[in-house]
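Here is a briefing on one protein chain, for reading beside its sequence and coordinates. Topics follow in groups.

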Amino acid sequence: MLSDTDILTIAKQMNIDKHIHGCHYKDELLKMKFKPNMSYIINLEDTDFSGFGSHYTLLTSMTNKRTNKLEYFYFDSTSGSPPQEVLLFTKQPYIPFNVKMIQSPRTNESCGYFCLAMIYTMHQFPYTFGEIYADATVFLEMFEDLNNKQDDLRNEFIL
């Protein structure tokens, strides 16, 4: 699994570092002030975990170019809803999330790369819509849903 330093180094190389607030353990979020129009890479372990952590996910927010409203999206490459810490951090009762599993639970090496690719698609890809849900859909459509197929190598290749 990538380290926090690895993720931030790669983000700088991809020219998406200005869109990332940082890499944070989920319990650290409650000690911070939420900043809109930023992406937070979240390690699902708490700070007292004695290792790298378990899995990276992404919380991102973006002002919709058409409606001028702030929208939120939570991305987990293995699918799933945001943890309670994310909802408390954003003061949102609900945050839309992906149900499509694009990373096999058997692999834990790619989650950071998937988060970086999602940020790139939303902020640097030349054909974005400027609408968080449309851009997330464009990203997710590139991959097979592993809930229905078990060709996880195809998704890793695309990544």
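A search of the whole structure finds 2 salt bridges. The model is predicted. The strands form an open sheet of 4, with helices α1 and α4 packed on it.

**Salt bridges**

- Side chains of opposite charge can pair when their charged atoms come close.
- Is Arg66 buried or exposed? Arg66 has a relative accessible area of 63%, so it counts as exposed.
- Glu144 lies in the loop between α4 and α5 (152–158), while Arg154 belongs to helix α5. The two are 10 residues apart, and the pair links distant parts of the chain.
- Arg154 is partly exposed, with a relative accessible area of 34%.

**The sheet**

- The strand order is β1-β2-β3-β4, with mixed pairing.
- β1 and β4 (70–75) are the edge strands, and each pairs on one side only.
- From one strand to the next, the twist averages 15 degrees.
- Helix α1 (residues 4–13) packs on the sheet and touches β1, β2 and β3. The direction of α1 makes about 165 degrees with that of β1.
- α4 also packs on the sheet, touching β3 and β4. The direction of α4 makes about 25 degrees with that of β4.

**Strand β2 and its partners**

- Strands of a sheet pair through backbone hydrogen bonds, either parallel or antiparallel.
- β1 (residues 20–25) and β2 run parallel, joined by 5 bridges. Here Tyr25 stands opposite Asn43 in β2.
- β2 and β3 (residues 56–63) run antiparallel, and 5 bridges join them too. On this side Ser39 stands opposite Thr60 in β3.
- How many residues of β2 are buried? In this strand (residues 39–43), 5 of 5 are buried.
- In a regular strand the side chains alternate between the two faces of the sheet.
- Both faces of β2 are covered. Ser39, Ile41 and Asn43 are buried on one side, and Tyr40 and Ile42 on the other.

**Positive phi in loops**

- Most residues other than glycine have a negative phi.
- Asn15 is not a glycine, yet it has a positive phi of about 60 degrees. Asn15 is in the loop between α1 and β1.
- With 40% relative accessibility, Asn15 counts as partly exposed.
- Asn37 also has a positive phi of about 60 degrees, although it is not a glycine. Asn37 is placed in the loop between β1 and β2.
- Asn37 has a relative accessible area of 35%, so it is partly exposed.

**Around Asp46**

- Asp46 is found in the loop between β2 and β3.
- Which residues does Asp46 touch, not counting those up to four places away in sequence? They are Tyr25, Lys26 and Asp27.
- The C-alpha atoms of Asp46 and His24 are separated by 9.1 Å. Along the chain these two residues are 22 residues apart.
- Asp46 is partly exposed, at a relative accessible area of 28%.

**Nonpolar surface patch**

- Tyr120, Phe125, Tyr127, Phe129 and Val138 form a nonpolar patch on the surface. Together they have about 500 Å² of accessible area.
- One of the patch residues, Phe129, lies in the loop between α3 (111–123) and α4 (132–141).

How values were computed
Residues numbered from 1 in each chain as written. Predicted model: local features only at pLDDT ≥ 70, side-chain atom pairs only at ≥ 80, totals over all residues. Heavy atoms only, no water. Patch = residues over 30% accessible without salt bridge, like charges linked within 9 Å, V, L, I, M, F, W, Y side chains within 5 Å. Areas by Shrake-Rupley, 256 points an atom, 1.4 Å probe, with all protein chains shown as cover. Salt bridge = Lys/Arg side-chain N within 4 Å of Asp/Glu carboxyl O. Buried < 20%, exposed > 50% of the residue type's maximum accessible area, 1.4 Å probe, protein only. Pairing = 2+ DSSP bridges. Axes fitted to C-alpha atoms, helices over the stretch in contact; angles between N-to-C directions. Contact = heavy atoms within 4.5 Å.
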